[in-house]
Amino acid sequence: MTSILILNGPNLNLLGTRQPEVYGATTLSDIETMCQKYGDSHEVEIGFAQSNHEGVLIDHIHAAKGVHSGIIFNAGAFTHTSVALMDAIASVELPVIEVHLSNIHAREEFRHKSFIAPVAIGQICGFGAQGYLLALDALTAHLAR
Ligand code: DQA
């Protein structure tokens with residue numbers, strides 16, 4: 001069975017209470033439940049992880065190789081800063097879809113730059129929690145090619 005890792009970076013554990021006017025009222029646990037339901041109905045195994053630490057996220061990416069077929073990744077603020085996460089993705093050669101709840105291109109200029117985008121197969125942003133389900137559709141279609 002296809003297995004997809006959904007990986008979330010710093011501060012996303014606070015979803016639901018963190019700036020709800022920007023990120024919505026859905027919690028990370030709600031998002032996990034939505035994704036698990038998607039997995040059950042589409043026969044996709046879903047792994048779910050979150051860390052506030054860059055090195056731990058890198059370890060998750062390394063560990064995904066040979067276990068998962070692809071990764072849906074919201075790297076949070078590390079999106080805009082982390083060459084190390086970009087290198088980790090390039091190293092494992094797994095298809096990655098970059099997700100953001102907010103439309104990073106409509107926000108401050110420092111959020112327009114993504115170190116994940118050049119090594120991702122695509123980016124979904126601005127659709128709130130729904131973006132994770134859009135990414136699951138996109139990644140499963142990509143894997144079924
Ligand atoms: C975010 C956007 C980032 O700029 C921000 O630092 C986050 C959340 C999003 O999902 O919209 O932590 O990745």
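Author: The account below begins with the ligand and then turns to the sheet. The model is predicted, so local features need pLDDT of at least 70 and side-chain atom pairs count only at pLDDT 80 or more, while totals for chains, interfaces and linings use all residues. Residues are numbered from 1 along each chain as its sequence is written, and side-chain values use heavy atoms, with hydrogens and water left out.

A polar side-chain atom of Ser-102 lies 2.6 Å away, a backbone N or O atom of Leu-101 lies 2.8 Å away, and a polar side-chain atom of Arg-18 lies 3.0 Å away. The protein covers 99% of the 320 Å² of accessible area that the ligand has on its own, by the Shrake-Rupley method with a 1.4 Å probe.

The sheet is open, with five strands in the order 2-1-3-4-5 and parallel pairing. Strands here are DSSP runs of E of at least two residues, and helices are runs of H or I of at least four; two strands pair if DSSP finds at least two bridges between them. Strand 2 (44–50) and strand 5 (122–125) are the edge strands, each pairing on one side only. From one strand to the next the twist averages 20°, with axes fitted to C-alpha atoms and angles running from 0 to 180 degrees between N-to-C directions.

Glu-98 stands opposite Gln-123 in strand 5. Helix 3 (residues 54–64) packs on the sheet, touching strand 1 (2–8), strand 2 and strand 3 (70–74), where contact means heavy atoms within 4.5 Å; the direction of helix 3 makes about 175° with that of strand 1.

How values were computed:
Polar contact = N/O pair within 3.5 Å; in protein donor to acceptor, adjacent residues only side chain to side chain.
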